[in-house]
Amino acid sequence: MKLYRALLGLFLLLLLAGPAHAQKSAASAKAAAADSAARPAAKRQLQATRISEAIKIDGDLDEAGWREAPVATNFVETRPTPGRPEKHATEVRLLYDDAALYIGAVMHDVSPDSIFRELTQRDDLGNTDYIGVFLDTYHDKLNGYGFFLTPGGVQLDARYSPAGGEDFNWNAVWESRTQLRGNDWIAEIRIPYSAIRFSDAAEQVWGINFARQRQSTRQQFFWNEVKPQVDGLINQFGELRGLRDIKPPLRLSLTPYVSTYFNHFPYNEQGKRNSSTSFNGGADVKWGINESFTLDATLVPDFGQVQSDNQVLNLSPFEVQYNENRAFFTEGTELFNKGGLFYSRRVGGQPLGFDDLDGRLRKRTTDSDGQIRQGEYVVSNPGITRLLNATKISGRTKNGLGVGLFNALSNDVYATVQDSTTGQRREVLTQPFSNYSIFVLDQSLKNNSYVSLINTNVTRQGSTYDANVTGGLFRFADKSNRYALKGQANYSRRRGQVFGSTEQVDNRDGYKYSLELAKISGNWNWSVNHGIESDTYDPNDLGILFSNNSISQEASVSYNKYEPFWKVNNLRTNIGLYQTLLYKPTRRQDVGFYSSFNTTFTKNFFSLGGNLDGSLVQHDYFEPRRQPLGEYYVRVPANIGLNGYGSSDYRKKFAYDISLAGRWYAADGARTGRNGYDVGLSPRYRATNQLSFRYNFNFSQRHNEIGYAGSLSDQQVADRPFIQNGVADVILGRRRRTTTTNTVSASYTFTNRMSFTVRTRHYVSVAHYRDFSRLNPGGEEETVDYRRNRDNSFNAFNVDAVFSWWFAPGSQITVVWKNANASYLAGDETLPQYFTNFNNTLNTPHNNSVSVKVLYYLDYLTLRPKKRG
């Protein structure tokens, strides 16, 4: 409790520091300076130099062209002290020819020891310096590319967009080399035009910026000043001029793959093999349809090597949202993510009828003569859908119109069930042949503004339903980029029958809208927003929405101090109020507040933050799992939550992250003592610039939590008294829930193109019920003598070991070993103790998979016959 009080005191002190500082700075001169700081810096210009002599990418800037090119220098610090000129100069030159851009950079420093250069995997920065090149090729000040290079030669690349922010899932094929020379390090980069998109105008102006990080001092610099008080990044770029007579090349590449798998699971059943092998082949195709648009297609894709999901015990009424780890669905999808209507895990995800299979089996029956006839049981029920192919077409015209088209096809999926008496098997369709498509129009406007239209569609074969969602969204900012109005309106439509039933879907038409007005630049910012989701709005066939049927209002204000003061480098604070209502019928749900702060200390770069939030008595209409909403709800007492977190200086060999959280609830009648605690600890150790280790420990416990105890069945004797005329009561349970997660990972990077990583995760969650009650209309609970043991525990164990070698540009060999085990135990089988669960996990059968996958990148521009002079 002392730590919580200390964090709370520090939070209140820092929160009040902002207004106090603002009052002292009320003089007109300082106000004018603050107003100027909230405006973008004047745009610098860099002249591109055309060359005819070939540039060899070797880290030596010894070609004549480098000596003739103008120098971009005098970088300006962005953090930790915005506005300061750099002390150790950065010099960047840019050349171009008919095929590529060339960037040569020299980063001066104090000594070789001041140049941090940890080796990592591609797109993983680590503890290192870097030089970055940013391009806004259509000069729309909204969308751009980023190319980063570390002293160790590690490449990182990213796309920038209003929808995706900074997206490092995007990968391009480009060349680079670095060298250390005395107290300097040198970078030489070649970015082929095939890696980016731009117009075919005879003379072009691009947005451009360069960034440098000096990790030894935790400083970041930009050539064209980037002010943290100003909203946006791309709109703060300088200008690249002098690009003449460059033509977008034919962008055509093929990346075929072959993969082989060996799987082992100890079934130890007669007639059933413990081992199996498979061989797969397919390809990814990229084709530049014209200078603006690119087609990406994956044919017979293989996603077997992606990182394992972090499975959890889900006691909520909503599904678990998992991360997308498949490269095709994370790379170049910024247009398709506009509006939040695309949840890519739906494509090739869990079959539509996976969870309802038990209801389609023949049950055990008893004849009039008392003879029991056994029913069917499930032999296999595939949890994923086989994807046949997927295609993306996306791009942006010279007038700023972005166009995206996505389409994917998945095959039929069948479960196998068997008759308990005769042994006869039959197949049950759980997912029909399906087509998924998305269409997007996104028009960039002046002043960092846009309007967009998105349509998603799912069409299924056979007697089931199809789904369509259309959304429109906009953002309008004023000329000074200080205020913005944004909004969105969606319409969802479903037609057809519920899968596996003759009933028509009941949520045929629904809508959603939201509107927000905000001050977006400066030290003081604020926002107000309002939104509605109708009770029939449902985008979940290709998107994800946990709950609809809501009305929400929110208002927030923030104060951010970007320059160092007192003993800290910066300060970010915010506080907000919110209210949610049930849309139909209109009923109160929740009213509360939230606030946060974070800062970094100047001397030791220790980062510290915290959050404080609270709410009045909530009415949870979703926890009872009873339709229609509005009559039944679970009372959640008034509560307050506090958490604090800290991170030490990552430049040190040993560093750590720590977090502590607690939530306390008011008494609810005779029920008292409800609370929850969370602890997180994550130490990391960098043994060398090539070898690092990390451990994550997370522990949470919920005491006297009230929640849905599970569905009732007339097959269970203990449930029968609570089922009347086929209608089951809503049974709630008071439970203690304990969750522990241990994750250990290690990484060894041989070179900037070869690495080995291993990640081991063990998760266990146990729920123990103390007593039960019947939920009546109006949130009233009635204590009942319910005797069924509802305790449960869930274990998940995964090992992902990956060897990766980029043996040529865009070409890769990966060897992956996966070890997996998951078990759900209920009732008397539940294992309450952590180490008992851990031993059970180790001693139960595991699935092992070893796979080898080879991708080879073939670029038409390098394969085509050379023209003879």
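This is a predicted model: local features need pLDDT of at least 70, side-chain atom pairs count only at pLDDT 80 or more; totals for chains, interfaces and linings use all residues.
Visitor: How many helices and strands does the protein chain have?

Guide: There are six helices and 49 strands. Buried residues make up 48% of the 869 residues. The accessible surface comes to about 40600 Å², and 53% of it belongs to carbon and sulfur atoms.

Visitor: What share of the contacts with a separation of 6 or more joins residues 24 or more positions apart?

Guide: That share is 64%.

Visitor: Why is Gly281 called partly exposed?

Guide: Partly exposed is the class between buried, under 20%, and exposed, over 50%. Gly281 has a relative accessible area of 35%, so it is partly exposed. You will find Gly281 in strand 16, residues 275-288.

Visitor: Which residues does Gly281 touch, not counting residues up to four places away in sequence?

Guide: Gly281 touches Tyr257, Val258 and Val300. As for Ser521, which is 240 residues from Gly281 along the chain, the C-alpha atoms of the two are separated by 51 Å.

Visitor: Why is the pair of Phe474 and Phe476 called stacked?

Guide: A pair of aromatic rings is described by the distance of the centres and the angle of the planes. Rings pair if their centres lie within 6.5 Å, and planes under 30 degrees apart count as stacked. Phe474 and Phe476 have 5.0 Å centre to centre and 25° between the planes, so by that rule the pair is stacked. Phe474 is partly exposed, with a relative accessible area of 23%, and Phe476 is partly exposed too, with 39%.

Visitor: What makes Tyr834 and Phe838 a stacked pair?

Guide: Their ring centres are 6.3 Å apart and their planes are at 10°, so the pair is stacked. Both residues belong to helix 5, residues 834-843, and because they are four residues apart there, about one helical turn separates them. Tyr834 has a relative accessible area of 24%, so it is partly exposed. Phe838, with 25%, is partly exposed as well.

Visitor: How many aromatic pairs are there by this rule, and which residues do ring pairs link into a cluster?

Guide: The count comes to 38 aromatic pairs. Ring pairs link Tyr130, Phe134, Phe148, Tyr160, Phe168, Phe222 and Phe237 into a cluster.

Visitor: What makes strand 2 and strand 10 edge strands?

Guide: They belong to an open sheet of five strands, in the order 2-4-5-11-10, with mixed pairing. Strand 2 (49-50) and strand 10 (175-181) each have a single partner strand, so one side of each is left without a neighbour in the sheet.

Visitor: Why are strand 20 and strand 24 called edge strands?

Guide: Their sheet is open and has three strands in the order 20-23-24, with antiparallel pairing. Strand 20 (376-380) and strand 24 (425-431) each pair on one side only, and they are the edge strands. Neighbouring strands of this sheet are turned by 40° against each other on average, direction ignored. Strand 23, residues 413-419, pairs with strand 24 over six bridges in the antiparallel sense, and Val413 has Gln431 in strand 24 as its bridge partner.

Visitor: Which strands pair with strand 30?

Guide: Strand 29 (residues 509-519) and strand 30 (residues 524-533) pair in the antiparallel sense over eight bridges. Within that pair, Leu515 stands opposite His530 in strand 30. Ten bridges also join strand 30 to strand 31, residues 550-561, and these run antiparallel. There, Asn525 has Ser558 in strand 31 as its bridge partner.

Visitor: Which residue takes a positive phi in the hairpin of strand 29 and strand 30?

Guide: Gly522 does, with phi near 110°, in a hairpin that has four residues between the strands.

Key: Residues are numbered from 1 along each chain as its sequence is written. Side-chain values use heavy atoms; hydrogens and water are left out. Two strands pair if DSSP finds at least two bridges between them. Helices (H or I, at least four residues) and strands (E, at least two) are DSSP runs, numbered from the N terminus. Axes are lines fitted to C-alpha atoms, for helices over the stretch in contact, and angles run from 0 to 180 degrees between N-to-C directions. Buried means under 20% relative accessible area, exposed over 50%, partly exposed in between (1.4 Å probe, protein chains only). Contact means heavy atoms within 4.5 Å. Accessible areas come from the Shrake-Rupley method with a 1.4 Å probe; for residues, only the protein chains shown count as cover. Rings of Phe, Tyr and Trp (its six-membered ring) pair if their centres lie within 6.5 Å; planes under 30 degrees apart count as stacked, over 60 as edge-to-face and the rest as tilted.
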